[in-house]
Amino acid sequence: MSKYLLDKFLYTVDRDPDLIERYREDAGGTVAWWEQEMANQILNCHAAERSTWLAFTDEERRALIEHDHVALFGLGAHPFLTLTLFIAMFERDHGPLEYQKAYGRALQHLTLPYPDVAT
């Protein structure tokens with residue numbers, strides 16, 4: 001499991017409007033493409049510089065494909081990253097603040113200590 005890789009996915013997708021739409025419409029295809037093409041790319045570095053070993057676990061992949069922010073939080077993904085990305089994807093389908101309130105309600109059952117979100 002790599003909290004870093006989950007956060008990197010959420011961060012990079014959230015900063016690209018085309019990827020946001022792609023992830024909203026085809027989550028499975030976007031996750032597979034990103035894992036193949038982007039997971040091992042070193043951010044803000046020459047494109048030839050790449051890692052070779054980063055990959056999602058089956059559980060991480062499933063949570064990303066299902067847009068399951070509760071599972072992602074349990075896996076250690078930073079909640080700010082899931083919230084900002086999912087607002088960009090789903091807020092348009094709801095009234096003002098409805099999505100954010102539903103996001104919070106879905107996490108209400110969690111108690112301290114929360115999962116460690118440090119990478």
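I began with aspartate 93 and arginine 24, whose side chains meet in a salt bridge at 2.9 Å, N to O. This pair links distant parts of the chain: aspartate 93 sits in the loop between α6 and α7, arginine 24 in helix α2, 69 residues apart. The model is predicted. I looked up the exposure of aspartate 93 and found it partly exposed, at 46% relative accessibility. Arg24 and Asp93 also belong to a salt-bridge network with Glu25.

Next I checked glutamate 21 and arginine 92, which form a salt bridge at 2.6 Å, N to O. Here too distant parts of the chain are linked, with glutamate 21 in helix α2 and arginine 92 in the loop between α6 and α7, 71 residues apart. Glutamate 21 is partly exposed at 33%, and arginine 92 is partly exposed at 45%.

I then noted the salt bridge between arginine 62 and aspartate 68, with the closest N and O atoms 3.5 Å apart. I have arginine 62 at 33% relative accessible area and aspartate 68 at 23%. My count for the structure is eight salt bridges.

I turned to backbone angles. Histidine 67 is not a glycine, yet has a positive phi of about 55°. I located histidine 67 in the loop between α4 (58-65) and α5 (69-74). I list histidine 67 as buried because its relative accessibility is 18%, and the cut-off is under 20%.

Leucine 97, also not a glycine, has a positive phi of about 65°. I placed leucine 97 in the loop between α6 (79-90) and α7 (98-106). Leucine 97 is partly exposed at 48%.

Methods
Residues numbered from 1 in each chain as written. Predicted model: local features only at pLDDT ≥ 70, side-chain atom pairs only at ≥ 80, totals over all residues. Heavy atoms only, no water. Helix = DSSP H or I, 4+ residues; strand = E, 2+ residues; numbered from the N terminus. Buried < 20%, exposed > 50% of the residue type's maximum accessible area, 1.4 Å probe, protein only. Salt bridge = Lys/Arg side-chain N within 4 Å of Asp/Glu carboxyl O.
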